[in-house]
Each structure stands twice: as C-alpha cells, then as structure tokens.
Amino acid sequence: MILLFNGEVKIMKIKEASIVTARTSSRRLPNKTIMEIKNKVKSIDIVIERAKKIGYPVILATSIDPSDDVFVEIAKQHNIEIFRGSLINKIKRWYDCFKEYQIEYACIVEADDIAFDYDLYHHGMMELEKSEFDMIMHPDNIVTGLYLLNLTKNAIEKLFALVPNEKINTDVVITKLLQKTKLNVSYLEVEPYAKDKKIRLTLDYIEDLKFFQELYKNIDIVSSGKTIIDFCENNKSLVEINFHRHKDFIENQKKSVIK
C-alpha cells in the first residue's frame, strides 16, 4: 500500500499478515458474515478479534462490490487494514492483497470459521517460516472450521497463475488447484483435541448460526480452540444443532468450476 507522509511516498509493507476473507454475498446463507451472534456482536467481529490473537497484523480482504461496503466501517471499528478486490475469484483477491502490502507469509482465515483455532494458525506460521514449504494446510481429519492454511508469496503466485480470470469462482477449489501445481505442501500436525470429532465449527446454514449463538452465549468470543472443543464435547446437545448439516457441506466442497 502506498501512503503519503509529509508529501513523500511511502510503501506500507507487511511481511506477515492474517488475511480475513469476507463478503456478504454467500449463496447458502446470505449476509452470514454480518449476522448477530451475541449482544450486537456480528460474526465478522468475532473472526477479527480471534485473528488478532494469532499475533500478526490483520487485513480484512473483501470485494469491491457495493454489497461489501459495510466492511469499511467494520475495519475502522477494529482498527485494522481493509483490502478490496475480486468478488468471486477469492484467490485473485488474496494475490492482489499480497501484492498491495508486499506480504511474504500469510494466515488465510475464512470469515465463516468463527471459532477457528488461532493457536494452530500461529503454529502453522512458525512452521512455514522456518521450512522450505510453500504452504501448510490442515490434515483431513481436523475439525471443520478449526484451521485452514498458511501460505507464502510463492504459493499464491502459482495458484493465481492457474486462475487469473476475474470471473472464475475459486470459492471451493483449493484442493483441486493444488493438484495442478507443484507446490511444496505440508500438513500441520495437530493434537488429539483438534481432530476426529463430530463437531462442526463453520457458518454455512441456519443451523450453524443457531449453534454459534448458543456457543458464544456460554463462552467468551476469544476462547481458545481447545476450550471450544472441550465445551462442545461436554455439551452434546449443542453439537447436535448443526452437525447433521456436515454431509451437505462436504458435498458442496466437492463441487467446482475448475476442471
């Protein structure tokens, strides 16, 4: 980002960042990122505050579509950066954000994962920076919504090269794109609490909204990932609110415009 200080041009460089990906135009649950979860606290508010716990500058990456103008004020309220780019090509939005801030390493946080584990993201970034990997992802058996990925500038450049068109919908195609690249990918080792659980921590359906409203009625919005998992395991009726939707979620993840 270029800023002016006393008439001089300065480049704002953020080597490490947590990029929160958000938009209002979700197909299954429109406006889910700005829905109230707890006492006028919106889902995006929770994600941003949790992202701050990772330990790096937070950038709210949304689109230039007028429907996402709401995020400008939200970013100001949380005193974080905002980047606006492609509406449906999320990878292009990440790529342009990397370029704008000259980012080298980033945590990619989805705005619908409103109980993500910031400790896992921090651990992933530490592993990424001391290794030769291009990307660190979650293992297949992780609790959905707990962790997504950390990636380098090299990784986003290679991914973007496959889908440079503004009109390509890249919302659910990361795995398929990885099969087309030669990225050096590692899978984060996680503790038992974070895997092999029938718990769903992402916001896609109305049942998920009810789940999170009930969850955060009982615990703090910046509780650790382990605290959240332990609470869910001790309150099975809470988990039953939305886990039956997980099959639909998995089927949706298999869909892609990338052949």
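This is a short tour of the structure, stop by stop, with something to select each time.

Before you click: the model is predicted, so local features need pLDDT of at least 70 and side-chain atom pairs count only at pLDDT 80 or more, while totals for chains, interfaces and linings use all residues. Residues are numbered from 1 along each chain as its sequence is written, and side-chain values use heavy atoms, with hydrogens and water left out.

**Stop 1: strand β6**

Select residues 58-63, which make up strand β6. Helices (H or I, at least four residues) and strands (E, at least two) are DSSP runs, numbered from the N terminus. Six of the six residues here are buried, so β6 is largely enclosed by the rest of the structure. Buried means under 20% relative accessible area, exposed over 50%, and partly exposed in between (1.4 Å probe, protein chains only).

In a regular strand the side chains alternate between the two faces of the sheet. Colour V58, L60 and T62 for one side of β6, then I59, A61 and S63 for the other; both faces are covered.

Two strands pair if DSSP finds at least two bridges between them. Strand β3 (residues 16-21) runs parallel to β6, joined by four bridges, and you can find T21 opposite A61. Strand β7 (residues 81-85) also pairs with β6 in the parallel sense, over five bridges; here look for L60 opposite I82.

Show helix α2 (residues 70-78) as well, and you have a right-handed β-α-β unit made of β6, α2 and β7. Right-handed means that, with the strands pointing away from you, the path from the first strand over the helix to the second runs clockwise.

**Stop 2**

Next, select residues 43-52, helix α1. Eight of its 10 residues are buried, so this helix is largely enclosed by the rest of the structure. Among the buried ones are I44, I46, V47 and R50.

Stay on R50: what does its charged end sit over? The ring of F116, 5.7 Å from its centre. A charge sits over a ring if NZ of Lys or CZ of Arg is within 6 Å of the ring centre and within 35 degrees of the ring normal.

**Stop 3: aromatic pairs**

A search of the whole structure finds five aromatic pairs. Rings of Phe, Tyr and Trp (its six-membered ring) pair if their centres lie within 6.5 Å; planes under 30 degrees apart count as stacked, over 60 as edge-to-face and the rest as tilted.

Select Y95 and F160: their ring centres are 4.0 Å apart and their planes at 10 degrees, so the pair is stacked. Y95 sits in helix α3 (residues 90-101) and F160 in helix α5 (residues 153-162), so this pair links parts of the chain 65 residues apart. Y95 is buried at 18% relative accessibility, and F160 is buried at 15%.

**Stop 4: two single residues**

Pick T152, in strand β10 (residues 149-152). T152 is buried, at 8% relative accessible area. Skipping neighbours within four places in sequence, T152 is in contact (heavy atoms within 4.5 Å) with F98, E104, Y105, L128, F133 and D134.

Finish at I219, in the loop between α7 (206-218) and α8 (225-233). Is I219 buried or exposed? Buried, at 11% relative accessibility. Beyond neighbours within four places in sequence, I219 is in contact with K38, I228 and F231.
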